[in-house]
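Student: I am new to this structure. Can we go through it step by step?

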Amino acid sequence: MKIAVEGCMHGDLDNVYATIAQLERVENTKIDLLLCCGDFQAVRNKKDLESLNVPPKYRHMNTFWKYYSGQEVAPVPTIFIGGNHEASNYLWELYYGGWAAPNIYFLGFAGVIKFGNIRIGGLSGIYNARHYYLGHFERPPYNESDIRSVYHVREYDVHKLMQVEESIDIFLSHDWPCGITDCGDWKELIQKKTFFKKEVEERTLGSKAAAELLEKIKPSYWFSAHLHCKFAAQVQHGEAGPVTKFLALDKCLPGRKFLQVIEIQSEPGPYEIQYDEEWLAITQAFNTVFPLSARRANFGHVQLDIQDCRQWVRSRLQSRGTQPFEFAQTAPCYDSSDSVSNGHSIEHYRNPQTEAFLRFLDLPYLLDNGTDLRELSQSPIPIMSAGTCTDDSVDIPIDDVDELEELNPAIDGQANDK
């Protein structure tokens, strides 16, 4: 199986797919799957731009809306996670994962799926210690604070991923696991990105949560983005343990290293995206403590018998099948001929995919529930201690905004920039 891995998409689907098509022609090959490591920007209409955490002058429709509307269809099955520049209102509709557009699948805030017999896991967002132990209290429309915290990784989602016992082939995160630079050529990295020097030397660059997952899951491959550069590393887990091949990639711009093709052993195709039995069992077991306010999740209330959950999930999958529920449009699509319309006034939609998924697992719909969601008085926030890994787009000058101006439709030379 040949898999193309892309760093930060920034809504530039047309150019990424064109680059893959050019690569296929030049190298006489066929790409089976595209993975995107965040900042996907699934913006359906102008209203979604209000949930995108970038300055207003940099809020552009780009090209995802064409695929959402059906005007274009993704030529390669695409799986993505969220980053820190997303249409967060839309991703919240698909918290558990689902089709963001035909042939384009969002892995959810945390998730595991199968593509053929390849098992792919992922964690959306970036790590910020100030919000890590809080629940998912943000709801659209987001205020100036919530639009900057809604994409911060939460303990609840990481804890669910920590329950995964079966092997993972590929894992995706937006920010890098903390300490990963020790396993690669960090000296070359800081020559190119001098402002990383202090964090690299102090081992504070990246996500503590991702580092814990890397140590626990030990996937064959781990792909990231966020810091807008290419960086490779190999992590040896113990003296005789497995090795994780790590690769971070850039964003889609001319002359940048934003795309890498890997070949992985798999069963013969054709391949389909399928639900993962173990992950559905974990989702069912932990949904009872889904933290819908700022209060920290209480995992002591979980009746942790995953095997019983798995047997129940297995019977459901045998009856229905393993394919995800069908894509359904919710918000109206952008109309390029209408220069005035800003989209529908509704702030949150119940996505039919999510509703069907929850009915399938016999779970309640909770995404628009909660009262006093921003009340923090009963939610102690841990203070970062010295040496704690941190990663926040405000703190690390990753020059997102300046380089957004460089985006253009040129793709010359990109097929060889893998």
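Tutor: Start with a term. Helices and strands here are DSSP runs, numbered from the N terminus; a helix has at least four residues and a strand at least two. Keep in mind that this is a predicted model.

Student: What share of the 418 residues counts as buried?
Tutor: The cut-off for buried is a relative accessible area under 20%. Apply that to the 418 residues of the chain, and the buried share is 59%.

Student: Among contacts between residues at least 6 apart in sequence, what share joins residues at least 24 apart?
Tutor: A contact needs heavy atoms within 4.5 Å. Take the contacts between residues at least 6 apart in sequence. Those joining residues at least 24 apart make up 79%.

Student: Where is His226, and is it buried or exposed?
Tutor: His226 sits in the loop between β9 (221-224) and β10 (231-236). Its relative accessibility is 1%, so His226 counts as buried.

Student: What is the phi of His226?
Tutor: Most residues other than glycine have a negative phi. His226 is not a glycine, yet its phi is positive, at about 75 degrees.

Student: Which phi does His228 have, and where is His228 found?
Tutor: His228 is also buried, because its relative accessible area is 1%. Its phi is positive although the residue is other than glycine, with a value near 55 degrees. As for its place, His228 lies in the loop between β9 and β10.

Student: Which residue does a cis peptide bond join to Pro141?
Tutor: Most peptide bonds are trans. Pro141 lies in the loop between β7 (118-123) and α4 (146-149). Its cis bond has an omega of about 0 degrees, and the partner is Pro140.

Student: What is omega for the cis bond between Gly269 and Pro270?
Tutor: Find Pro270 in the loop between β12 (259-263) and β13 (273-275). The cis bond joins Pro270 to Gly269, and omega is about 5 degrees.

Student: Is Lys66 buried or exposed?
Tutor: Lys66 belongs to helix α2 (residues 64-69). Buried means under 20% relative accessible area. Lys66 has 19%, so the word is buried.

Student: How far apart in space are Lys66 and Tyr334?
Tutor: In sequence, 268 residues separate Lys66 and Tyr334. In space, C-alpha to C-alpha, the distance is 8.3 Å.

Student: Which residue meets Lys66 in a salt bridge?
Tutor: Side chains of opposite charge can pair when their charged atoms come close. In this salt bridge the N to O distance from Lys66 is 2.8 Å, and the partner is Asp14. The pair links distant parts of the chain, 52 residues apart: Lys66 in helix α2 and Asp14 in helix α1 (residues 13-27). At 24% relative accessible area, partly exposed is the term for Asp14.

Student: Which residue forms a salt bridge with Glu155?
Tutor: The N to O distance is 2.9 Å, and the partner of Glu155 is Arg296. The pair spans 141 residues, from Glu155 in helix α5 (residues 155-161) to Arg296 in the loop between α9 (277-286) and α10 (306-320). Glu155 is buried at 12% relative accessibility, while at 49% the term for Arg296 is partly exposed.

Student: Which residues are linked in a network of salt bridges?
Tutor: Salt bridges can join up into a network, and here the members are Glu166, Glu277, Arg310 and Arg314.

Student: How many salt bridges are there?
Tutor: The rule asks for a side-chain nitrogen of Lys or Arg within 4 Å of a carboxyl oxygen of Asp or Glu. By that rule, the count is 21.

Definitions and conventions. Residues numbered from 1 in each chain as written. Predicted model: local features only at pLDDT ≥ 70, side-chain atom pairs only at ≥ 80, totals over all residues. Heavy atoms only, no water. Buried < 20%, exposed > 50% of the residue type's maximum accessible area, 1.4 Å probe, protein only.
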